[in-house]
Amino acid sequence: MKVDLWVVSFTCFLKGVAAISGASGTLWYSSSAVDFTTALPIGNGRLGAMIYGKIGTETISLNEDSIWSGGFTSRINANAVATAPVVNDYMLDGNITQANSAWVSGMSTPLRESVYQPMCSLALDFGHDGATSYNRSLDLQTGVAAVSYMFGNTKYTREAIASFPDDILAFRFSASTSGSINFNLSLTRTQNVTSISVKSNESVILRGTGSVDDTISFISEARVVTEGGTVTANGEDSLIVKDADVAYIYVDGESSWRYTSDDTRTAALQKKLDSAVSLGWNEISRKAIQDYQSLAHRTSLDLGDSGAAGALATDQRLESWRAGSDFTTDPELITLMFNYGRYMLISSSRDGSLPANLQGIWNEDFAPEWDSKFTLDINLEMNYWASETTNLPETALPLFDHISRMQNRGEEVARQMYNMSGWVCHHNTDIWGDCAPLDQQTYYAAWPMSPAWLSLHLFEHYRFGRSTAFAEKVLPIVEAAIEFYYDFLQERSGYYVTPYGMSPENQYYIPSGKAIANGQSGLDVAPAMDRQLLHELFTGYLELKSARKETNGVAKAETYLSKIEGPVIGSLGQILEWSEEFDETELGHRHLSHLVGLFPGGQIHPGINETIFNAAAVSLKRRMDNGSGQTGWSAAWVIALYARLFDGDNALYRAGKLLENSVFDNLFGQTSIFQIDANLGFPGAIAELLLQSHAGFVHIGPSLPKSLIPNGSVAGLRARGGFVVDMSWKEHKITSANILSTLEGSLSVKVEDDRNFLVDGKEYSGPINTKAGWKYSITMT
């Protein structure tokens, strides 16, 4: 899908965005990586690599986004269409245990979806041992990963970059002494290798397939070019580079996902690598850096100077943070994490690629945890929280493309599982857009609400860019989602309710009379999350219809919206997570699903209902008091929720706890394993402290911390309505701001908790009619 054209005009504003410092913009280490979670990533959206930086024998993990275990298999339970109304009736009658059993036996399936798998590894044997002055780094200013060290009297330097313009990975190996570059090169893969061959003393080619079947077949090639020296074949599967001054390796991989025949994918690969050889490293890296910086440099964050603490290696900075360092001694560690999240989003999601999966694009396992798929009950959505607010809307295009794929599969699921129109998907999907339930646990697998949540990203993209062409393109996706819910919802006590849903992935103790003794379930009639997502769905749909000046379908949607029950407050002053005040099995559960209307939704705001807003604060406190927010992605969600509650101190404190407890040494987010959602969610959550615009006005400094980070600035954040905002603060107070209007429209502004201010020297008294391309200066009175 084509991105809103206003982004291009933003280049005129870039002059106001300051360069980031080394402490805020470079990950570096004084030793090589020991495992995947200490290696450093590069990527161009489609291709990815993990750089270990080992001195003797380097193994670089390589990925291509479409290499998965096998083809699509219809997993719909043949009994589902007959079972669905039975489950509904049991739930509406209060027979929760029976409903749970019926769903498991008649609607679930034990069959798995496809699994994301590695392409291959690039193995380089340098024969070095006992190097000194070692440095390994990733420069977030340029996207270049580098390794340097002394071996003997020679300094060796390795550089790696992922090029989106030329769609390849490129590596350069140089030395301070001529004729010193020597290594053996091979491509390796532990499973499902079709062939390995050497071509013309210049390339190693590996062909392979997925581990389940050959639906996904691929070719990968590493091509070597040298200045000086020689390149020769070493048998039939490797190359020897000898006595070169400089060596370059260009890598590509192509699969049957994009090219159905071996001939066409081989031709596409050869064309890209031929072009790379012709262009050469200097031109490839220049274009790649320029492209990366055109995205990364749109936004800049300054939270203060870390001084000596920021000069330490990244793993040492983390160690210090865990040992008691804080925002006063190393504020740039927060900024580094912010910049790294945006880097990873740019590197794992670009136009034409698949969306970022649970590990973005980086995976070296054939059976990764959770299959490295697309999990839809928070994780995939969190991956794109930063795309709009931190000025990277192009990165969301692969998500929109995949939602369209899911619609096609989801229509089959709606018809064959539910005998309903429209489309539906459950809590997981894969490369094929598979929408059938995954696994047999009702408290997550039975969840039918992912189209509603994913539609929120379509609405937000429209709200930020106001493209009516985009609204027209995505309306059919949204309308088809709504058609399913028109069929699925049932009227009860004056409200439209989901006959069953859940609050992923939490459970409660089933009350007596509804189950066997001590039974547990996640199934419920119209839990809070379902209602909040439906509110967002119908509200966003009506906005798109208004943008298109269309009236068909509006009255029905308005009726349904008016009959979706809002949040309900419980005996403790909290928002009820379920339809009744059930006893949770886990009070500090990692999911915060009943607060989706606070963030990323916009239903819960003090300007709409202060009582509900306060109840959301009670709910969050209750979760946190009982231990929530311990996994990386949960911690990122907590930051955003506190920001929406205007509690900047707690939000920033939780950002610090995320660094303390929920990242590996390479800053990869972790549960017990690497998941990228914490990394990609982090910058979106931090942005919420500084700028919000979901309530109909541009709110500058809504959650500035009152005791942490007293001084700072940010430039290039986006607000809904086509605005780009920069601001500065001192002693915890906004001192100035600029708002660039990229469109003509109405601009309403609020600063902090309603401070008085001037716009272009005049007292602000209400909405301003803006002109496209004009910048509006805000000063405080």
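1. Domain bounds here come from an automatic or database domain assignment. Keep that in mind for the pocket described next. The model is a predicted one.

2. Start with the largest pocket. Its volume is about 480 Å³. The lining has 29 residues, and those closest to the pocket's centre are Ser693, His694, Ala695, Gly696 and Arg720. H14 supplies the largest share, with four residues.

3. Which domains contribute at least three residues each to the lining of the largest pocket? They are domain 2 (82-92 + 323-688) and domain 3 (712-780). By class, the lining of the largest pocket holds 13 polar, nine nonpolar and seven charged residues.

4. Now the second largest pocket. It holds about 410 Å³ of space. Its lining has 22 residues, with Trp370, Thr375, Glu505, Arg590 and Gln675 closest to the centre. Nine residues of this lining are polar, seven are nonpolar and six are charged.

5. Turn to the cavities. How many of 30 Å³ or more does a search of the whole structure find? The search finds ten. The largest cavity contains about 200 Å³ of space.

6. The largest cavity is lined by 17 residues. Nearest its centre lie Tyr384, Trp385, Glu460, Pro600 and Arg720. Helix H9 (385-389), H12 and helix H19 (677-690) each give two or more residues to this lining.

Notes: Residues are numbered from 1 along each chain as its sequence is written. This is a predicted model: local features need pLDDT of at least 70, side-chain atom pairs count only at pLDDT 80 or more; totals for chains, interfaces and linings use all residues. Side-chain values use heavy atoms; hydrogens and water are left out. On a 1 Å grid over the protein atoms alone, a cavity is a set of points where a 1.4 Å probe fits but cannot get out, and a pocket is an open set with protein on both sides within 12 Å along at least five of seven lines; lining residues have an atom within 4 Å of a point. Grid points are joined across faces, edges and corners, and a volume is the space filled by probe spheres set on the points. Ala, Val, Leu, Ile, Met, Phe, Trp, Tyr, Cys and Pro count as nonpolar, Asp, Glu, Lys and Arg as charged, and the others, Gly among them, as polar.
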